[in-house]
Amino acid sequence: MSYFDVANSGFIYICVGIGLIIVLAAALYYLKICYSHALECGIEKSRIVEVMRSSVYFSIVPSIAIIIGLISLSTIIGVPYSWFRLSVIGSVTYEIMAANMAFSAIGVNASTATAETFGVVMFVMCLGITTGLIFNTFLVEKVHMGTTSMKNKDKRWGSVVSTVFMTSLILVLLVPIILSGSVSILTFVTSMLISVILTIIARKTGAGWMSSFTLAVSLIIAMASSILWTQLFS
Amino acid sequence: MGKGKKETRIISPYYRRMHRLGKIMTVLAILVFLAVPTAVCIKFGIMPSIKQVLATAAGLIVIFVPMAISEILSETPIMGSSYYISAITGNVMNLKLPAAFNAIKVADVEPGTEESDAIVGVAVAISSVTTMIIIAIGVILMQPLEPFLTSGGVQLAAKYVLPALFGSLALGVFGNNIGGGIIIRHRLLAAILPLIVLIVLYLVNAYLYTSFEGFMILITIPILYFISKKLYKAGKITVTLPGDEKAVSGAECASCASDNEQAVK
């Protein structure tokens with residue numbers, strides 16, 4: 001059997017399907033627990049539903065971008081394992097980098113690889129990122145509880161601290177957006193403007209339901225605008 | 001806290017339960033992730049030797065372990081106990097973090113509280129389920145969809161998903177209202193120096209910057225933290241809690257002790 005005979009075999013589809021059902025069940029169970037606790041905390045049901053609706057709407061478009069990455073990745077490791085890797089744990093950038101690193105370490109490429117190579121590639125891609133997951137089991141709680149206790153010591157200062165992490169993250173992501181060309185920054189600004197406009201409309205008309213759509217609509221219009229900005233400025 | 005005294009940290013039953021659940025889910029996920037290649041290799045008789053796998057994976061592990069640790073340190077304070085499920089379901093930067101930001105904003109809860117932890121959990125779980133369903137649909141319809149998805153316009157738009165996502169989210173993160181009725185004024189003054197540092201680092205080596213964004217976040221957090229503290233103590237950053245008549249800064253916060261007692265209660 002060749003590399004792609006194994007990589008695209010029906011058996012892998014079955015294994016991947018079972019694996020995904022287990023992860024999906026875990027996510028649904030987690031959702032149930034968080035939902036119940038949000039209600040216990042006194043958050044109104046309508047507000048939780050709004051968060052759920054908003055999360056669904058805005059997740060659709062980036063998920064389509066992941067499918068585009070899946071098409072590229074499937075040319076390296078076949079469709080079913082790409083489907084598995086991108087539905088759980090990984091991201092397009094990591095998976096393509098991991099697959100290519102595994103190939104170069106073995107000294108082959110997708111066209112010269114054998115069925116045995118596929119076995120090595122699968123395990124190597126799995127080990128690279130799964131090793132990181134092991135650290136979650138003993139680091140996440142310490143970090144989380146450390147930052148939470150910092151907040152409990154001084155409520156005012158704790159509120160400032162809680163914004164430090166989010167602001168740091170946005171600053172780090174913002175710099176490549178600002179500096180990687182006019183199309184990127186114009187797409188960013190478009191998204192921001194659409195968001196402001198939608199928020200103002202929602203506030204003026206009293207249409208609170210619009211907040212569920214703000215992120216999704218801003219995302220789609222800003223992504224579409226990138227085509228226009230590319231034609232105008234690239 | 002006096003010198004030499006060990007701080008006793010009280011963990012609420014909710015957090016204890018969520019962290020235990022997260023750890024169980026992580027172990028379960030690791031087993032599932034390993035089971036798929038194991039089953040395939042046994043079925044096709046292509047099981048590689050452990051030595052070969054470790055030799056090939058060493059380069060990846062060297063890169064990804066420090067990255068994983070830096071991501072835990074930088075993203076856990078935002079994701080809370082949902083970090084476990086986020087890491088299991090992947091796409092943290094382009095889906096789970098935006099989901100967390102958006103949930104905090106839409107629910108108007110204060111970050112770092114049990115309320116926000118629960119609401120972030122709802123958003124992350126629902127986003128994971130949505131993504132898994134959409135990708136499954138994409139796989140089923142891959143052949144008919146491929147010409148559309150690989151068309152120039154769609155590929156180009158997909159390249160700009162991050163600026164399009166964070167443009168809308170940045171407004172909420174940079175605004176004065178941080179959720180839960182808490183207003184913090186002038187906190188962005190503290191972001192000026194870290195922003196300059198990041199711009200310089202990006203200009204020095206853009207590839208390294210984008211490859212190790214987790215490390216960049218780790219560099220930024222302490223700088224922003226200490227500048228924020230200085231400005232808060234100097235009275236430049238002011239905080240208005242629900243029920244306050246006016247904004248209060250660290251310099252004039254004589255009632256912090258009672259605030260703390262209330263917060264703990």
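1. Two residues are in contact if their C-beta atoms, placed from the backbone, lie within 7 Å. By this criterion, in the present predicted model, residues 24 or more positions apart account for 62% of the contacts in chain B with a separation of 6 or more.

2. Chain B contains 12 helices and four strands. Of its 265 residues, 46% are buried.

3. Helix 4 of chain B, spanning residues 92–107, is mostly covered, with 15 of its 16 residues buried. After this helix comes B:Asp108, which has a positive phi near 55 degrees.

4. Neighbours within four places in sequence aside, B:Ala100 is in contact with B:Ile78, B:Met79, B:Val120, B:Ala123 and B:Val124. B:Ala100 is also named, together with B:Ala103, B:Ile119 and B:Val122, among the residues that touch the most other members of the largest nonpolar core, a set of 152 residues. Helix 7 of chain A provides the largest share of this core, 14 residues.

5. Between the chains, 133 residues of chain A are in contact with 142 residues of chain B. Several helices of chain A each supply at least two residues of the side that touches chain B, including helix 2 (10–40), helix 3 (45–77), helix 7 (155–179) and helix 9 (211–233). The largest share of that side, 31 residues, comes from helix 6 of chain A, which spans 115–153.

6. As to composition, the side of chain A that touches chain B comprises 88 nonpolar, 36 polar and nine charged residues.

Note on methods
Residues numbered from 1 in each chain as written. Chains lettered and ligands numbered in written order. Predicted model: local features only at pLDDT ≥ 70, side-chain atom pairs only at ≥ 80, totals over all residues. Buried ≥ 20, exposed ≤ 12 C-beta atoms within 10 Å, placed from the backbone. Nonpolar A, V, L, I, M, F, W, Y, C, P; charged D, E, K, R; others polar. Core = buried A, V, L, I, M, F, W, Y, C linked by C-beta atoms within 7 Å.
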